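Thanks for coming. I will go through one structure today, starting with its aromatic rings and ending with the backbone.

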Amino acid sequence: MAQTAWAGIMANNLTTRPTWPQSSPSPGMAVVDHPRYPLSDVRQWEMSALMVAPTAIEMAKELTHLGVKADVMIQPNDGGANIVALQNYMRTYFPPTEVVYFAIELLASTHSFFRAKQMGDEEFRRYLFSTLMTRKNKRVHALPACIQEVPGGVFVLCGPSGAGKTAFWVRYVARLPKPFVLKTSMERGLESLAGIWVIPVVHISYPVCGTVKGLARDLRDHFVRIIDDVRNEEDEFDHLPPLPDMLAGEPMNAVINACVSLNVGLFVLDGAGIRHSNTQSYEVLEFLLKLREKGGVPVALSCTAAFLKSIEHLETTYANLTNSTMINLEPIPAPSPKPSPGADGKTPPDFDVFRQMCRNWWAAGLLGRKSTMPDKLEYWIHEITQGNNRFTATAHYAIQKYIATNCAAAPESNTPYTFNTAALSRDIVETVIRQSLFGSKGALTAIATAMNLPSSDELGATPVISTDILNYVDYLPTSQIQKQRISAWVTPQQNAPRKRRK
């Protein structure tokens, strides 16, 4: 599916976090109106904010992030100050359309999960508080019927390295309330709510060691940091969560119990690449599915196309992961020619995705949204970056640094600065971009090499992969990974005959 930019979003002066509704009659206290109620109906402001269902436009605005504030002005003859102003420029993020709708699906799944947590239901209360009392690595309690009925809840975000997957997760987490503890109101509160934790989303990287034990250790450290953060913010903190023994020899059940007792609304495992594809991959992926099946928690896997192709041999596990909500990010195609005026003299709208992205990045820089992007800049950038989001961002940053250090004071008193954007010739643009992407030359070469491979090889051809591609296979999108020579390398040879020792 082609990526689509959200035109005009960056023109808004967006904040890093939305303004949450303050709907609780007693600020900071949890209140319910009916003895049979879901967790989603608890009227504490954090829960009310979490349960807001934004429109697509609202979600796009909340995910969008501008690295340079709208009120920052370029300083003529002061390259140092301008470089400082650009320090967060690389954090700029413009969500593609399919990612915006993906975010809405993720949030809807969390909403359904919290609505299914019937705090007023006796069966669910027994399940929850039995889990809260679990201290050691014991069995996972059977899910109550209200949770079993929640459909879906398994998500996969696939795309090459540099597609913006982690940038999306960072923005998605930022738009949600931070982890919080439910309190009770002096009026209509329920004592059973006191001390109940809610963690809207857990975003954790694929463990370096590639094992469930490593994931459990990382997750335990993540939970400890959350507890410390809340402890520092609360004046009177006496609600320590009951973390089970997540450092045990077989920690899978302990991790699931911890996620259940802390009311995790979404578990995101991010950064899976070809280096993680090994004999331990099965256990890690099975943990994700078990967390969903046995704990009811919605889960998401964020991975490269090479990783996803490499686990196809896991059959049932692979099918259970991919027969779900899944999107695949491909590099943005080369820009098309600009629309020409018609017979009526009017120019039709320009819907080119890459050109719009470049315009957004340009407008998010030091010259501001009122400045005009140099002609043909998008073509020069795409020729080098080949549509990879990370390389495109680096290219724009390099251009902005060139502007920052070459902006002189204007002779006219009514003009604060002067910079001739027409002076950004192709030679200058290519020079500054290639210098900034010097360390990524191998990855760019691998992408170009893979693009030139035939879609299918002749029968009997030996599936040999070029060394130019070997070390950078995570940078290749699905369209290139599916080519026979590349897919043959990333797919484990399960049935290959073993060589006999001499």
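Phe 102 and Trp 169 are both buried, where buried means under 20% relative accessible area, exposed over 50% and partly exposed in between, with a 1.4 Å probe and protein chains only. Before I go on: this is a predicted model, so local features need pLDDT of at least 70 and side-chain atom pairs count only at pLDDT 80 or more, while totals for chains, interfaces and linings use all residues. Residues are numbered from 1 along each chain as its sequence is written, and side-chain values use heavy atoms, with hydrogens and water left out.

Now the rings. How many aromatic pairs does a search of the whole structure find? The search gives 15. Rings of Phe, Tyr and Trp (for Trp, the six-membered ring) pair if their centres lie within 6.5 Å; planes under 30 degrees apart count as stacked, over 60 as edge-to-face, and the rest as tilted. Phe 102 and Trp 169 make an edge-to-face pair, at 6.2 Å centre to centre with 70 degrees between the planes. Phe 102 lies in helix H4 (residues 97-116) and Trp 169 in helix H7 (residues 165-174), so this pair ties together parts that are 67 residues apart in sequence. Helices (H or I, at least four residues) and strands (E, at least two) are DSSP runs, numbered from the N terminus. Phe 102 and Trp 169 also belong to one aromatic cluster with Phe 155, Phe 168 and Tyr 172.

Next, a second pair, again between buried residues: Tyr 206 and Phe 307. Their ring centres are 6.0 Å apart and their planes are at 65 degrees, so this pair is edge-to-face. Tyr 206 sits in the loop between strand S4 (202-205) and helix H8 (212-233), and Phe 307 in helix H11 (residues 305-310); the pair links distant parts of the chain, 101 residues apart.

On to cysteines. A disulfide is a covalent bond between the sulfur atoms of two cysteines. The search criterion is a pair of cysteine sulfur atoms within 2.5 Å, and the whole structure gives 0. Cys 146 is buried at 17% relative accessible area, and Cys 358 is buried at 0%.

Last, the backbone. Asn 263 is not a glycine, yet has a positive phi of about 50 degrees. Asn 263 is in the loop between helix H9 (252-261) and strand S5 (267-272). Is Asn 263 buried or exposed? Asn 263 is buried, with a relative accessible area of 0%. Lys 376, also not a glycine, has a positive phi of about 70 degrees. Lys 376 is in the loop between helix H13 (353-363) and helix H14 (377-385), and at 46% relative accessibility counts as partly exposed.
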